[in-house]
Amino acid sequence: MSDAFTWGPATGIGSMPGGDAREAAKTVTGSFESPGQGMPYLAELPARGPGADMIGRTAGLLVDLYARVEPSGWRVGDRPGRDTRRARAWLGEDLDALEEFTQGYQGPLKVQAVGPWTLAAALELRNGEAALSDPGACRDLAGSLAEGLRAHLADVRRRVPGAQVVLQLDEPSLIAVLRGQVKTASEYRTHRAVDRQLVESTLRDVLAVHGEGEGGGATVVHSCAPDVPFALLRRAGADAISFDFDLLTERDDEAIGEAVEGGTRLFAGVVPGVDGRLSDPAGSVMGVRTLWRRLGLNPGTLAETVVVTPSCGLAGASPAYARAALAHCVRAARSLADNPE
């Protein structure tokens with residue numbers, strides 16, 4: 001990551017409601033009009049159906065590996081079929097919309113993809129079992145994902161030449177993979193836990209794709225599950241870690257303190273991702289201030305360490321609430337900067 005990189009103070013996780021790519025891009029870019037306000041991102045619209053969901057969208061990025069929809073989920077296939085073409089077409093539509101609304105933009109711009117371990121837990125092999133069941137398949141999947149991301153990131157840089165591109169890997173199944181909690185196809189057993197060193201090294205290899213050459217940029221790993229493995233993600237090379245703030249417990253304090261002191265940026269999910277009453281902006285970040293005091297950290301570091309986000313994606317929200325939530329993130333981040341104590 002370049003020393004000149006500037007993080008935005010607020011951003012979204014990735015998904016948005018509805019199926020209109022232009023409307024979603026307009027909302028996301030309008031919510032974060034300048035780097036000082038926040039970080040726009042490539043919106044995902046899972047309501048469109050298979051291929052727009054997070055697994056199908058990332059499966060469409062894979063190189064020399066293809067997937068199709070089965071009643072049980074996404075399964076590896078021999079050749080690109082209708083589902084792969086649909087996933088790629090929707091991604092192209094979303095990129096076209098983002099390019100339209102980022103003309104002349106300069107600053108951070110985030111793109112998201114499912115990480116290698118959540119993908120391995122969700123993508124089925126031909127025998128119906130998750131790729132997670134086969135170490136060789138996991139290795140091939142991670143390599144294919146890395147190649148696909150390399151091409152995807154280059155495309156984004158070409159379309160938005162003024163952007164400092166941020167790569168976010170979504171890993172909601174990571175803890176289940178580490179603990180051996182991913183169920184087999186029969187659902188009577190679980191797949192064995194994957195060695196932590198293998199999990200770490202695979203993540204490192206995929207994240208490293210974005211650190212190559214002059215176009216290298218910042219990376220984020222997002223997990224909206226409890227017990228986020230902060231130390232493992234930092235060792236794997238993540239520049240920032242994104243999480244649901246409400247799921248933190250005091251057991252996480254030491255790992256968070258070490259992350260902050262080590263220069264890791266925290267994407268704190270403090271704004272609800274579904275329709276509801278929004279508190280005042282200062283109230284939304286009160287827990288973050290409390291955490292800082294509990295850890296004995298300098299309040300002056302809050303604004304340069306914390307990026308304010310919704311707790312998870314906004315796919316389940318109404319369009320009006322999604323717009324309000326992103327605007328609320330911007331105001332909450334400003335409150336954190338103006339009144340860190």
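A polar contact is a pair of N or O atoms within 3.5 Å; within protein, one must be able to donate a hydrogen and the other to accept it, and residues adjacent in sequence count only if both atoms are side-chain atoms. The model is predicted: local features need pLDDT of at least 70, side-chain atom pairs count only at pLDDT 80 or more, and totals for chains, interfaces and linings use all residues. Residues are numbered from 1 along each chain as its sequence is written, and side-chain values use heavy atoms, with hydrogens and water left out.

**View 1. Start and buried residues of helix α1 (residues 21–31).** Helices (H or I, at least four residues) and strands (E, at least two) are DSSP runs, numbered from the N terminus. At the start of α1, the backbone nitrogen of R22 lies within 3.0 Å of a side-chain oxygen of D20. Buried residues of α1 (buried: under 20% relative accessible area, 1.4 Å probe, protein chains only) include A21, A24, T27 and V28. The buried residues of α1 pack against α3 (82–101) and α13 (319–338).

**View 2. Strand β5 (residues 219–223) and the strands paired with it.** Of the 5 residues of β5, 5 are buried. In a regular strand, side chains alternate between the two faces of the sheet. T219, V221 and S223 are buried on one side of β5, and V220 and H222 on the other. Strands pair if DSSP finds at least two bridges between them. Strand β4 (residues 163–170) pairs with β5 in the parallel sense over 4 bridges, and L169 has V221 as its bridge partner. Strand β6 (residues 240–244) also runs parallel to β5, joined by 4 bridges, with I241 opposite V221.

View 3. A113 is buried, with a relative accessible area of 2%. Contacts of A113 (heavy atoms within 4.5 Å), leaving aside neighbours within four places in sequence, are with T58, L61, L149, Q168, L169 and D170. R57 is 56 residues from A113 along the chain, and their C-alpha atoms are separated by 7.8 Å.

**View 4. Packing of helix α9 (residues 253–261) with helix α11 (residues 286–295).** The two helices pack at an angle of about 90°, with axes 11 Å apart. That makes α9 roughly perpendicular to α11 (65 to 115 degrees). Axes are lines fitted to C-alpha atoms, for helices over the stretch in contact, and angles run from 0 to 180 degrees between N-to-C directions. D253, I256, G257 and V260 of α9 meet L291, W292, R294 and L295 of α11.

How values were computed. Parallel < 35°, antiparallel > 145°, perpendicular 65-115°, else oblique. Buried < 20%, exposed > 50% of the residue type's maximum accessible area, 1.4 Å probe, protein only.
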